[in-house]
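Dear colleague,

Please find below the structure that I am handing over to you. My notes on it follow directly after.

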Amino acid sequence: MRFIIFFLLLSMPAWVMSQEGSSKYEEYILTPEPPQSPQINSTALYGLRPGTPLIYRIPCTGKRPIKFEIEDLPKGILLDEETGIMTGTIKNPGSYTMTLKAKNDHGNFSKEFTLNVGDKLALTPPMGWNSWYTHYDRISDRTMREAADQMIATGMADYGYQYVNIDDCWMMKMKSKDPDVGGKRRDKDGEIIPNKRFPNMKGMADYIHAKGLKAGIYISPGPATCASYEGSYQHEAQDAVTFAEWGFDFLKYDWCSYSKVAGKKSDPDYFIRPYRLMWDELKKQDRDIVLNLCQYGMGNVWEWGGDVGNCWRTTGDLGLEEHKNLPGFYSIGLSNARHAKYAIPGGWNDPDYILIGWVGDAHGMAEGTPTDLAPWEQYSYMSMWSLMAAPLIFSGDMAKLDKFTLNVLCNNEVIEVNQDPLGKQAILHEKTNQQFIMVKPMVDGSLAVGIFNLKDGVQEISIKWDQLQITGNKRVRDLWRQKDLGVFSDHFTTEIQPHGVSMIRIFNE
Ligand code: GAL
């Protein structure tokens with residue numbers, strides 16, 4: 001019966017689905033409910049610079065109240081035992097391994113965690129939320145604070161989501177008559193002036209930090225941003241100081257109008273120059289600010305992005321990508337997959353945001369409507385991003401998260417693939433018009449594998465151990481359902497839904 005309904009849904013026109021919303025997909029939920037006992041979903045590895053402030057809320061599911069404890073807590077770091085928020089600084093570079101512990105009435109859990117104090121940030125892909133595809137030029141201080149509240153209330157923070165990032169449109173706008181955003185864009189000293197919807201940037205970042213989360217900001221190296229708001233051109237050093245003083249932890253630096261001032265394209269530094277400049281300025285701050293390059297993959301950014309940033313967009317905007325036979329995340333994802341060898345801890349290929357739940361059409365910067373992606377397409381999307389060690393930044397509406405969307409965003413075994421400390425991006429194999437597989441080596445020697453069905457109908461797909469260059473008995477686990485499927489000796493066959501995925505992990509027996 002379930003399957004019949006599923007196929008009826010798939011054959012419905014997209015508008016029928018969007019009218020009804022994605023909450024009706026509850027019967028396609030695969031991720032099991034987390035146990036009542038604590039389960040720490042923290043990454044194993046975290047990068048911090050010497051002497052800069054740490055804010056880290058231990059991601060942990062289970063029934064609150066939970067009591068947190070840390071064994072071998074390094075000097076300089078404090079833990080709030082009720083919230084699990086770690087704060088403080090570590091002066092000396094080095095690797096500090098500790099045991100995170102969580103306890104409630106139902107049980108306890110412990111997990112090893114290493115703070116790597118050095119010059120590298122984002123040792124695993126950043127996870128969080130960005131305002132663009134929901135709020136566009138309607139974004140305000142209030143919405144940002146609410147997004148932070150929702151990140152805690154929905155439980156997303158318990159799975160590792162931690163950045164609350166504002167995108168374009170927080171500054172004053174060029175030539176605007178709107179009293180909220182029109183007017184002087186910098187003060188007499190050149191300090192950037194946020195628009196009237198952002199009366200207190202520092203207060204907003206403090207609010208986000210008080211929850212143990214991190215705050216992100218956006219600007220362009222050009223004179224104007226893509227939406228024609230004030231850019232950083234010729235104010236780079238000053239803006240870096242301002243962002244650090246306000247308390248931001250992440251900067252998306254978007255090329256936009258920079259072409260107008262970039263000089264000659266034949267200059268070998270043409271693409272890298274603005275990013276190197278901001279990277280150097282950010283390093284001078286006594287805050288850790290992750291730098292996200294956004295320039296749509298120009299100049300083979302994957303070859304040099306890691307020298308001047310922590311992640312780099314490899315393509316144009318996913319929200320503008322056409323839905324042909326397949327939804328746009330497939331073409332964007334497959335394009336991103338080509339650069340797998342450049343991903344390393346601290347430097348990630350970025351195929352843009354996770355657009356599910358309620359999302360506004362980027363063409364008209366529209367108000368949100370429920371995604372028209374079918375349930376299995378959403379599982380494919382999240383599987384691809386996890387396998388590709390892509391930043392996991394959700395950009396749908398935080399206020400309208402339903403159970404199905406949360407089940408896609410918050411499966412700890414799927415996220416573990418994304419956050420694996422080895423930091424390898426999956427390699428694309430066996431790509432045809434009908435299917436492909438992605439294979440990601442994990443730190444424990446297991447393989448995370450996505451088997452993707454590009455056909456409009458159900459398809460049975462087999463993978464042979466030869467194709468994966470493995471031999472012998474292997475335990476296969478279904479990651480979405482969090483269920484062992486058995487021991488297989490030389491191949492694995494499974495039936496996969498239209499445009500869907502089987503995401504498995506293959507362990508040595
Ligand atoms: C685009 C960028 C988007 C969004 C937008 C804001 O260039 O790729 O992610 O930031 O600008 O105007």
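**Findings in the model**

Gly-47 has Asn-116 of strand E9 standing opposite. The strands and helices named here are DSSP runs, numbered from the N terminus, of at least two residues (E) for strands and at least four (H or I) for helices. The structure is a predicted model, in which local features need pLDDT of at least 70 and side-chain atom pairs count only at pLDDT 80 or more, while totals for chains, interfaces and linings use all residues. Residues are numbered from 1 along each chain as its sequence is written, and side-chain values use heavy atoms, with hydrogens and water left out.

**The four-stranded sheet**

E2 and E9 (residues 107-117) pair in the parallel sense over four bridges; two strands are taken to pair if DSSP finds at least two bridges between them. They belong to an open sheet of four strands in the order E2-E9-E8-E5, with mixed pairing. Strand E2 (45-48) and strand E5 (67-71) are at the edges and have a single partner strand each, so one side of each has no neighbour in the sheet. On average, neighbouring strands of this sheet are turned by 30° against each other, direction ignored. Axes for such angles are lines fitted to C-alpha atoms, for helices over the stretch in contact, and angles run from 0 to 180 degrees between N-to-C directions.

Pro-65 is placed in the loop between strand E4 (60-61) and E5, and a cis peptide bond with omega of about 0° joins Arg-64 to Pro-65. Asp-72 is found in the loop between E5 and strand E6 (77-79). Its phi is near 65°, a positive value in a residue other than glycine. Asp-72 is exposed, with a relative accessible area of 55%; here exposed means over 50%, buried under 20% and partly exposed in between (1.4 Å probe, protein chains only).

A positive phi also occurs at Met-365, about 45°, although Met-365 is not a glycine. This residue lies in the loop between strand E17 (358-360) and strand E18 (368-370), and Met-365 is partly exposed at 24% relative accessible area.

**The ligand site**

Which residues are around the ligand? They are Trp-132, Asp-167, Asp-168, Tyr-218, Cys-226, Ala-227, Lys-252, Asp-254, Cys-294, Tyr-296, Arg-313 and Asp-317, where the criterion is a heavy atom within 4 Å of the molecule. This shell divides into six nonpolar residues, six charged and no polar. In this grouping Ala, Val, Leu, Ile, Met, Phe, Trp, Tyr, Cys and Pro count as nonpolar, Asp, Glu, Lys and Arg as charged, and the others, Gly among them, as polar.

An N or O atom in the side chain of Lys-252 is 2.7 Å from an oxygen atom of the ligand. For Arg-313, a polar side-chain atom lies 3.2 Å from a ligand oxygen atom, and for Tyr-296 the distance from a side-chain N or O atom to an oxygen atom of the ligand is 3.5 Å. On its own the ligand has 310 Å² of accessible area, of which the protein covers 95%. Accessible areas come from the Shrake-Rupley method with a 1.4 Å probe; for residues, only the protein chains shown count as cover.

A second open sheet has six strands in the order E20-E21-E22-E27-E24-E25, with antiparallel pairing. Its edge strands are E20 (427-429) and E25 (483-488), each of which pairs on one side only. The twist averages 25° from one strand to the next. Within this sheet, five bridges join E24 (residues 474-478) to E25 in the antiparallel sense, and Arg-475 stands opposite Val-487.

Strand E23 (residues 459-464) is joined by six bridges to E26 (residues 491-496), and the two run antiparallel. Gln-459 is opposite Ile-496 in that pair.

Asn-412 lies in helix H12 (residues 412-418) and is buried, at 18% relative accessible area. A polar contact of 2.7 Å joins its side chain to that of Gln-482. Such a contact is a pair of N or O atoms within 3.5 Å; within protein, one must be able to donate a hydrogen and the other to accept it, and residues adjacent in sequence count only if both atoms are side-chain atoms.

Tyr-25, in the loop between helix H2 (14-20) and strand E1 (39-40), is buried with a relative accessible area of 1%.

With kind regards
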